[in-house]
Amino acid sequence: MANTATKEHGIDVIASRDGQTVGIEVKGFPSRGYADPARANEVKRTSPSTQAGHWYSQAVLAAMRLRGKEPGWRSVIALPDFPRYRALCAETAGSLAAAQIEVWWVDQAGAVHRP
């Protein structure tokens, strides 16, 4: 796993089972505040919905890069199950399917749902 706390670059999670490897790009849902303790009292200028759009596009690009780099792997984006991410996914579903990129949804209890 990439260490996201230190902003390490790379695939967030690589998992293998039964001879199949999956590369997973993981995104959370943005908030109004900063996670960085040095900026804890600041409010972000960008709305969470707009930030989610940016994060989603970054996840799609990472998944596409993985497809090119490791064509034998499954390429997955894991997202929290929020309406904004659902809407973005619906808008790009055909392109994701054509690129063979899967989207997995994580509910508030942490359970992963794969369509």
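Leaving out neighbours within four places in sequence, Arg 67 is in contact with Trp 73, Ser 75, Ala 99, Gln 100 and Ile 101, where contact means heavy atoms within 4.5 Å. The model is predicted, so local features need pLDDT of at least 70 and side-chain atom pairs count only at pLDDT 80 or more, while totals for chains, interfaces and linings use all residues. Residues are numbered from 1 along each chain as its sequence is written, and side-chain values use heavy atoms, with hydrogens and water left out.

**Arg 67**

Arg 67 sits in helix α1 (residues 48-69); helices are DSSP runs of H or I with at least four residues, strands are runs of E with at least two, and both are numbered from the N terminus. Arg 67 is buried yet has no salt bridge, and Glu 102, the nearest side chain of opposite charge, is 7.1 Å away. Buried means under 20% relative accessible area, exposed over 50%, and partly exposed in between (1.4 Å probe, protein chains only). A salt bridge is a side-chain nitrogen of Lys or Arg within 4 Å of a carboxyl oxygen of Asp or Glu. For charge, Lys and Arg count as positive and Asp and Glu as negative; His and the chain ends are not counted.

The side chain of Arg 67 has a polar contact of 3.4 Å with the side chain of Gln 100. A polar contact is a pair of N or O atoms within 3.5 Å; within protein, one must be able to donate a hydrogen and the other to accept it, and residues adjacent in sequence count only if both atoms are side-chain atoms. A polar atom of the Arg 67 side chain also lies 3.1 Å from the backbone oxygen of Trp 73.

**Salt bridges**

The whole structure holds 4 salt bridges. The table lists some of them.

| Pair | N to O distance |
|---|---|
| Arg 39 and Glu 42 | 3.1 Å |
| Arg 74 and Glu 102 | 2.8 Å |
| Arg 86 and Asp 81 | 2.8 Å |

Arg 74 lies in strand β3 (residues 74-80) and Glu 102 in strand β4 (residues 101-106), so this pair ties together parts 28 residues apart in sequence. Arg 74 is partly exposed at 24% relative accessibility, and Glu 102 is partly exposed at 25%.

**Thr 21**

Thr 21 belongs to strand β2 (residues 20-26) and counts as buried at 16% relative accessibility. The side chains of Thr 21 and Ser 16 make a polar contact of 3.0 Å. Not counting residues up to four places away in sequence, Thr 21 touches Ile 14, Ala 15, Ser 16, Trp 73 and Arg 74.
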